Structures are given as structure tokens and as C-alpha cells.
Amino acid sequence: MKKLIILLMTMLIFALVSGIAAAREISVNSTSSIKDAVNNAASGDVVIVKPGIYSENIKVSTPNLIIRSESGNTENTIIKAIPNASVFNVAASNTTISGFRIESGEPGIYLVSCSGCTITNNEFSDNEHGISLSSSNSNNISENRVNSNKMYGIQLVNSEGNKLLNNSVNSNTRGISSITSNNNNISDNIVLN
């Protein structure tokens, strides 16, 4: 009987701990804040952003977050920076950002000292830099449209082992820049003008 009670107590504790650690989906609409949702998210959560125009600067410091537009359509889910800052400043590993039009940032997305991040299916325009990586390794930057930014489309600084695949980089002052960054896979990108 004593063994049965211990077994039941162990299963109860396991069930409680598992329930506490379950990932949540956090929904954001155009009358709420992406920044607040990200700040209140826990590791493993998914922040789903409904179509709309958002004016925000978002710092991501919790690892293992997925931040994505509900529609996946960059034309109807737009984030504009509040001036002189990045739209997304990511300092947390294993972050995914997908499905947004990102405008007016310094840069649009800035990865700093993080790894395992995925930046995919976004459109960047009218930023100082579209996407910038600083001391960030083993990230995946793919299927983005990085057009008409003031300086660099994509910039790598002291960053290694990243994959830049199938991006369209057009009409930026400079397309893709790699400064003191080694062992990156930069392939199948279209870089024009």
C-alpha cells in the first residue's frame, strides 16, 4: 500500500510540473502590444500576431519563443519601428520570427549574441539595415525579401556558422556584408542593384 501511495504521489507531482511547463499561444491584435506579449511570454510560448499595423520596438530576451503573424502574409501584418531603434532586438537563442513586414528600424531585426534563431518569410524595407547579426552564430536567415533599406540588406559582424538561404536582397546601398565572419553558408540568394 505504501508503494502505491508513493507511486500515485510521484505521478501527481509529475502531472503538475508538466502542466506548469506547457507552452502557451498568446494572441496579439492591433489594439494590444506585441512587446507586452513577448515580455510576458515564457520559454516555449508562441506569440501569434493578427493582421494590422503596429508601431513598436520589441526586445526579445526569453529564449525559445516563436513570434509569427497569424496570416503569414507580410502585406497585412506590418511592424514599424519607433524611430532610432530596431523593430526586433533579439538577445535570446532559438527565437523564430516569421511572416511580418518590418519597416523603419535601425535595423529591422538585430540578433546580438544569440544562436539557433530562425528569421524567415519576412519583408524588410526602409530600415537602416534590414537584418543585422552581431556575435551571433548558427542562425537561419531564409526566404526573406530585404529591399530598399538605407544601408545593408543583411549584415554579419563577428558571426559564424549562419545560413543565409533563398533571400531576395534588392535596391539596398549594400546587399550582403560579412565582416570578420567565417564559415557562413550564403547561397541561393538573389542580390540586385
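The protein exposes about 9,500 Å², of which carbon and sulfur atoms supply 53%. Accessible areas were computed by the Shrake-Rupley method with a 1.4 Å probe, and for residues only the protein chains shown count as cover. The model is predicted: local features need pLDDT of at least 70, side-chain atom pairs count only at pLDDT 80 or more, and totals for chains, interfaces and linings use all residues. Residues are numbered from 1 along each chain as its sequence is written, and side-chain values use heavy atoms, without hydrogens and water.

Of the 193 residues, 43% count as buried (under 20% relative accessible area, 1.4 Å probe, protein chains only). The protein has 2 helices and 21 strands; these are DSSP runs numbered from the N terminus (helices H or I, at least four residues; strands E, at least two).

An open sheet holds 8 strands in the order β1-β2-β5-β8-β11-β14-β17-β20, with parallel pairing (strands pair if DSSP finds at least two bridges between them). Ser142 stands opposite Leu165 in β17.

Asn122 is found in the loop between β11 (118-120) and β12 (123-125). Asn122 is buried, with a relative accessible area of 0%. A polar atom of the Asn122 side chain lies 3.1 Å from the backbone nitrogen of Gly99. For the backbone nitrogen of Phe100, the distance to a polar atom of this side chain is 3.0 Å. Beyond its neighbours within four places in sequence, Asn122 is in contact (heavy atoms within 4.5 Å) with residues including Thr74, Ile97, Glu143 and Arg145.

Terms used:
Buried < 20%, exposed > 50% of the residue type's maximum accessible area, 1.4 Å probe, protein only. Polar contact = N/O pair within 3.5 Å; in protein donor to acceptor, adjacent residues only side chain to side chain.
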